[in-house]
Amino acid sequence: MDNSSIHAIESFFIPLDIIWLITTIVSMIFSCLYIIIILFDKTCHTQQMLLLGNSCLSALLFEIIVLFMSIFTLTNDLRVIFIPDSLCIIRGYFGYVFASMLYYSFFIQAVYRYLTAVYPTRSFYESYKFILLMINTSWLVSFIFPLELILTHGIVYNAANQICQLVMNGSISLIYLALFIFTLPMMSIGFIYFLLVRYVKKMNERMATGNAIGRARNQLKMIRHILILVSVLLVVGIPYSSFAIMSFFTAPPKYSLRIGVLLTNLSLLCVQIILFQLTDPLKDSIMNRFKRNNNTVVALALQTRSRTH
């Protein structure tokens, strides 16, 4: 039987696919811009910015996979075919890998902030060796854990949504995925924030030195920013989470994956914009470059005007 007779191409498919593609490309531009600034601006060559660069790289890798997904979906919708290509399952696996890397990149940022606030005299926690160890460990874990989805054939092609993802059928794999990728890092960041709040309160009660309290409060502020970023990802992803929970009791909407992936893209774009607002070194670097360019343009204009008179 012809696949096109089983599934219909709805009128909203192509507009959604185009929005999906555009938001992905815009997010990629932000990620590339941030990575370039971190690499080439010497003021950004710090431990904190290295951790931020890891988050930007994780986001970029995730966006590249999502870009390939969106191209595949748009192509199939335009051609009205419902057949997966040979890389569909692989794209699904790496989508979970890089999403995991992104969430855990925020987690290790929180760990670093906590350790440097509570143990300021232990230089190892501020060393590049320790930071690279955390980054490498998070990458390794992110690659290994989603392998369960491949080994159990949990990632399958969903013809209605033109995507290869974990089936929403209330399975153990769905619980495993939700706990590992989303719940564990989010709860861990929240717990670290709670511990640091308690630490700052105790320091105030003991009348600790101003430098120590100031350092702890600054790190607390940074963890609060991390919580804001992760919360945006989770809040915009509520519909997707709702569909996953719904699958334990009844069948989710037919096109739930299309909606879920689009909202994930929008949330990632929001995170990129908020990241710019919350990260002073990035903001300062970009604004300084704009100012220098504007000054150059003004100087050239004045030179041209003086020559003409």
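In this predicted model, Arg258 is buried, and Asp17 is buried as well. The side chains of these two residues, Arg258 and Asp17, meet in a salt bridge, with a distance of 3.4 Å from N to O. The pairing links distant parts of the chain, since Arg258 lies in helix H10 (residues 256-278) and Asp17 lies in helix H2 (residues 13-40), the two being 241 residues apart.

Arg258 also meets Asp77 through its side chain, in a salt bridge of 3.0 Å from N to O. Here again distant parts of the chain are linked, with Arg258 in helix H10 and Asp77 in helix H3, 181 residues apart. Both members of this pair, Arg258 and Asp77, are buried. In general terms, side chains of opposite charge can pair when their charged atoms come close.

A search of the whole structure finds 3 salt bridges, and one of them is formed by Arg91 with Asp85, whose closest N and O atoms are 3.0 Å apart. Arg91 has a relative accessible area of 10% and is therefore buried, the limit for that class being under 20%. Asp85, by contrast, has a relative accessibility of 33% and so counts as partly exposed, a class that covers values between the 20% limit for buried residues and the 50% limit for exposed ones. Salt bridges that share partners join Asp17, Asp77 and Arg258 into one network.

Helix H3, in which Asp77 lies, also takes part in a helix pair. Two packed helices are described by the angle between their axes and the distance between the axes. For helix H3 (residues 47-79) and helix H5 (residues 128-144), the axes come within 10 Å and cross at roughly 20 degrees. Because of this angle, H3 is roughly parallel to H5, a description that applies to angles under 35 degrees. The crossing in which H3 passes H5 is right-handed.

On the side of H3, the contact is made by Gln47, Leu50, Leu51, Asn54, Leu57, Ser58 and Leu61, while H5 contributes Tyr128, Ile131, Leu132, Met134, Ile135 and Trp139. When the residues in this contact of H3 with H5 are sorted by class, 10 are nonpolar and 3 are polar, and no charged residues are found.

Technical notes: Residues are numbered from 1 along each chain as its sequence is written. This is a predicted model: local features need pLDDT of at least 70, side-chain atom pairs count only at pLDDT 80 or more; totals for chains, interfaces and linings use all residues. Side-chain values use heavy atoms; hydrogens and water are left out. Axes are lines fitted to C-alpha atoms, for helices over the stretch in contact, and angles run from 0 to 180 degrees between N-to-C directions. Helices (H or I, at least four residues) and strands (E, at least two) are DSSP runs, numbered from the N terminus. Angles under 35 degrees count as roughly parallel, over 145 as roughly antiparallel, 65 to 115 as roughly perpendicular and the rest as oblique. A crossing is left-handed if the near helix is turned anticlockwise from the far one by less than a right angle, and right-handed if clockwise. Contact means heavy atoms within 4.5 Å. Ala, Val, Leu, Ile, Met, Phe, Trp, Tyr, Cys and Pro count as nonpolar, Asp, Glu, Lys and Arg as charged, and the others, Gly among them, as polar. A salt bridge is a side-chain nitrogen of Lys or Arg within 4 Å of a carboxyl oxygen of Asp or Glu. Buried means under 20% relative accessible area, exposed over 50%, partly exposed in between (1.4 Å probe, protein chains only).
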